[in-house]
Amino acid sequence: MTDLPRIPLAGVIGHPIAHSRSPALHGFWLKRYGIKGHYIPMDISPANLKEALSFLPKLGFVGLNVTIPHKEAVLGLADVVSDRAALIGAANTLIFRKDGKIHADNTDGAGFVANLRQHAPRWEPTSRPAAIFGAGGAARAVIAALVELGVPEIRIANRTRPRAEALRGDFGARLQVTDWVHAPNMIRDCGLVINATSLGMTGKADFRIPLDALAPGTVVTDLVYTPLMTQFLIEAADRGAHVVDGLGMLLHQAAPGFERWFDHRPEVDDATRQAVLGA
Ligand code: ATR
């Protein structure tokens with residue numbers, strides 16, 4: 001019997017996983033480009049993570065996306081960790097290499113930047129400070145990307161101040177920590193303002209801060225994309241800000257993984273957005 005080429009399999013692992021939009025996104029691209037492959041959501045508990053990572057490549061998996069709660073744990077199970085994943089302390093993309101090694105990468109920061117490049121092309125990273133609210137895993141990835149882009153000053157406030165201080169310890173003096181209660185002052189003179197807290201998500205309280213110091217034309221973005229237009233973005237738009245929703249970050253962070261697994265660089269365009277929104 002001749003050896004037929006294996007159909008490449010990829011997927012997303014998390015616990016829970018039912019909410020993930022990644023299957024709709026990758027499924028859309030697979031269909032669009034006529035690629036014989038599959039992308040499967042898999043609910044894997046932390047107790048089964050190690051076994052899953054050793055077994056899935058044997059089933060024909062070429063890689064995975066990783067979501068909560070496994071983003072940190074996979075670093076310890078990978079054979080090769082990219083510099084940016086190591087710096088962020090988490091991975092969202094795994095590549096199962098032909099030599100049997102697992103390569104862990106983090107594309108969240110690149111996805112964040114690509115979303116801004118697409119929807120706020122006039123934003124100049126090096127010209128003015130950026131302000132970021134939140135100091136969790138998502139904020140870490142964004143800060144790593146901003147540092148790499150040469151943003152001159154990154155102002156950060158978090159409800160739990162020590163988490164913001166810890167980021168300053170990791171990313172250096174370009175980060176300036178402000179008390180949560182004084183956070184509204186941070187946005188003065190900034191070129192970019194980011195909500196990286198989980199506030200504003202459907203089912204949670206809104207992210208609300210006084211926006212008096214916001215100059216018209218400032219780029220304002222929210223990592224929350226359910227709903228697409230958060231209360232924070234609505235209020236910023238009312239003040240003349242250039243608002244960018246967070247869905248594009250999800251779409252763009254997915255592209256490098258798709259390209260590595262299925263050998264085709266996918267386009268992130270309006271049809272892609274609609275496919276995910278309609279899922
Ligand atoms: P993620 O990986 O999405 O960043 P996370 O690590 O749980 O998730 O971080 C959530 C962020 O939202 C944190 O900055 C968190 O602030 P704390 O570090 O003080 O917990 C922020 N956040 C969540 N609920 C909040 C609330 N009610 N008020 C202010 N900040 C909140």
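Predicted model: local features only at pLDDT ≥ 70, side-chain atom pairs only at ≥ 80, totals over all residues.
**Exercise 1.** State the volume of the largest pocket and identify the residues closest to its centre.

*Solution.* Begin with the volume, which is about 1400 Å³ for the largest pocket. Next, turn to the lining: 45 residues line this pocket, and the closest to its centre are Thr67, Ile68, Lys71, Ala138 and Met201.

**Exercise 2.** Determine which helices and strands, and which domains, supply the lining of the largest pocket.

*Solution.* First, consider the elements that each supply at least two residues: β3 (61-66), α6 (137-149) and α9 (247-262). Among the contributors, α6 gives the most, with 4 residues. Then consider the domains: at least three lining residues come from each of domain 1 (9-106 + 250-277) and domain 2 (109-245).

**Exercise 3.** Classify the lining residues of the largest pocket as nonpolar, polar or charged.

*Solution.* The lining of the largest pocket holds 20 nonpolar residues, 18 polar residues and 7 charged residues.

**Exercise 4.** Describe the second largest pocket by its volume, its central residues, its contributing elements and its residue classes.

*Solution.* Start with the space in the second largest pocket, about 530 Å³. Of the 22 residues lining this pocket, Phe61, Val62, Phe96, Arg97 and Lys98 are the closest to its centre. Proceed to the elements: α2 (49-55), β3, β5 (93-96) and α9 each provide at least two lining residues. The largest share, 3 residues, belongs to α9. Finally, sort the lining by class, which gives 12 nonpolar, 3 polar and 7 charged residues.

How values were computed. Residues numbered from 1 in each chain as written. Heavy atoms only, no water. 1 Å grid on protein atoms, 1.4 Å probe; cavity = no way out; pocket = protein on both sides within 12 Å on 5 of 7 lines; lining within 4 Å. Points joined across faces, edges and corners; volume = space filled by probe spheres on them. Nonpolar A, V, L, I, M, F, W, Y, C, P; charged D, E, K, R; others polar. Domains from an automatic or database assignment.
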